[in-house]
Amino acid sequence: MSGHISLESLSAYLDGETGPSETRRLEVHLAACGPCSSRLEATRRLVCGLRVLGPALPPPDLPARVHGRIASSRPQRWLRSLRSLRSWLWWQGLPPLHGSFSPARPLVTAGLALLVAVLLLQNGENGGGLGSLAPKLPHAGPEFLVSEAFGEAPQVLPQTTSEVAGRVFVWSDDVWVQRGVDAGPAGQPRAVPARSPAGRALLAKLSDLGVLLADGSRVVLRYNYETVELWNGS
Amino acid sequence: MKAAFIAAGVGLHDLDLELAQRHSRGDVRAFDEVYSRYAVMVFNLALRLSGDPDEAADLTQEIFLRVYRHLDSFGGRSTLKTWIFRVALNHCRERLSRFRPLTLPIGEEADSAGTAGAASMADPRRGPEELAVAADLGRQVACALAVLPPPFREAVVLRDLQGLAYEEIAAVLGVRVGTVRSRIARGREQLRGLLETMAPAGMRHRPSAAIADPAPTAERRES
């Protein structure tokens, strides 16, 4: 091995995250290299030192708070019915399918209306009215059907977003993509290294973008009527 | 090691899916089980990312609300632990606005933020002086963590305080293992530099110097 062991390799070795051949290679080097052994020891001390923080115990009232929050956050049935009705009205306002009368829409509309009617009926039977605040069991069955049938957003993990330079960026596998910008093959972005003249000019105008680039991430955004991909390079 | 990690996850995987299925069937005990298994983990993640115990409790509350709402969408593509970490991390990022300037905790606030863990783990057999040193060190480490750039802080917290393997961290952060490796190494290096700054030349007796010094002198080793 020429030179010294990289910081990344030392750190991974300490964590037992190097493969067998890399481990052997590192151990041979460490046995003969004082500075690398010292750096390894320093990293080991730091990691041990971090453990002084240990696991803290959550406040004892937290379980009650969590249950209370869950109970209070469940939308009332009448509110869900109202949302459903709103979606139904939206459906009615759509232009005709295929430019002419379609037999599909009345059938679907009738089905949806029936579903709303069943839901409202259930609402009455269960006594779930405006004033009902009683905790309920986790949602199941027909409530889900209604939620999906009326096109509410599917339940997925929330996106990680960041608002920088007056734009919203969505985190997507090492790339921050400006919301609304298509980074796919159809809109292939122009690569702009941050240290190139074009990159410098862009960063001079939108200097806050630097924080997104700081950890090696790329940034895709609309700039001067084109889609560009900015990255920390020259 | 990778094989061991996967093998260890096989048994847990079935249990995770079963918990999610029980929750979607309306079994309230399923969520309670999830809470009791992961509450400490989530609270500590929130605490180390926010640096404030009160905020960490609020964050934990909201995170478990999200878990409650979305648990039935857990499809078993990862372990439940990884999935919950992702929910928690996303929520913390949203709430803590990823690039807000962090302020160093000072005085009593620093005590509660930095040594909450140290205090709860304190060994009663240790003397008061030793406990004070541990508390001081805890405060300094918490301060240094608070000023690390978020990507590094997340990686270091997940590795060194939560004990996740690199592959698990990659799954939680949604990045490649190589990126995790780099962020952990750079995060630790920056942390060491920060702790060194906290123990300036005239104050080498401070606890942070003991873990920050890259190459202790022979003289100090002897003492």
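**Packing and strand pairing in the predicted model**

In helix α1 of chain A, which spans residues 7-14, the residues A:Ser9, A:Leu10, A:Ser11 and A:Ala12 are buried. The model described here is a predicted one. The buried residues of α1(A) pack against two helices of chain A, α2 (20-32) and α3 (34-50), together with α10 (177-198) of chain B. After α1(A) comes A:Gly16, which has a positive phi, near 70°.

The largest nonpolar core comprises 65 residues, and those with the most contacts inside this core are B:Ala46, B:Ile84, B:Ala88 and B:Ile169. The element that gives the most to this core is helix α2 of chain B (residues 28-50), with ten residues. When neighbours within four places in sequence are left aside, B:Ile169 is in contact with B:Ala155, B:Leu158, B:Arg159, B:Leu164 and B:Val180. Another core, of 14 residues, lies apart from the largest one and has A:Val177, A:Leu202, A:Leu209 and A:Leu212 among its members.

Strand pairing in chain A involves strand β6 (residues 226-231), which is joined to strand β4 (residues 190-193) by four bridges, the two strands running parallel; in β6(A), A:Glu229 stands opposite A:Ala191. Strand β5 of chain A (residues 218-223) is likewise joined to β6(A), here by five bridges and in an antiparallel arrangement, with A:Val219 standing opposite A:Leu230 in β6(A). Two residues separate β5(A) from β6(A) in the hairpin that these strands form, and A:Asn224, in the turn, has a positive phi of about 50°.

Definitions and conventions:
Residues numbered from 1 in each chain as written. Chains lettered and ligands numbered in written order. Predicted model: local features only at pLDDT ≥ 70, side-chain atom pairs only at ≥ 80, totals over all residues. Core = buried A, V, L, I, M, F, W, Y, C linked by C-beta atoms within 7 Å. Buried ≥ 20, exposed ≤ 12 C-beta atoms within 10 Å, placed from the backbone. Contact = placed C-beta atoms within 7 Å. Pairing = 2+ DSSP bridges.
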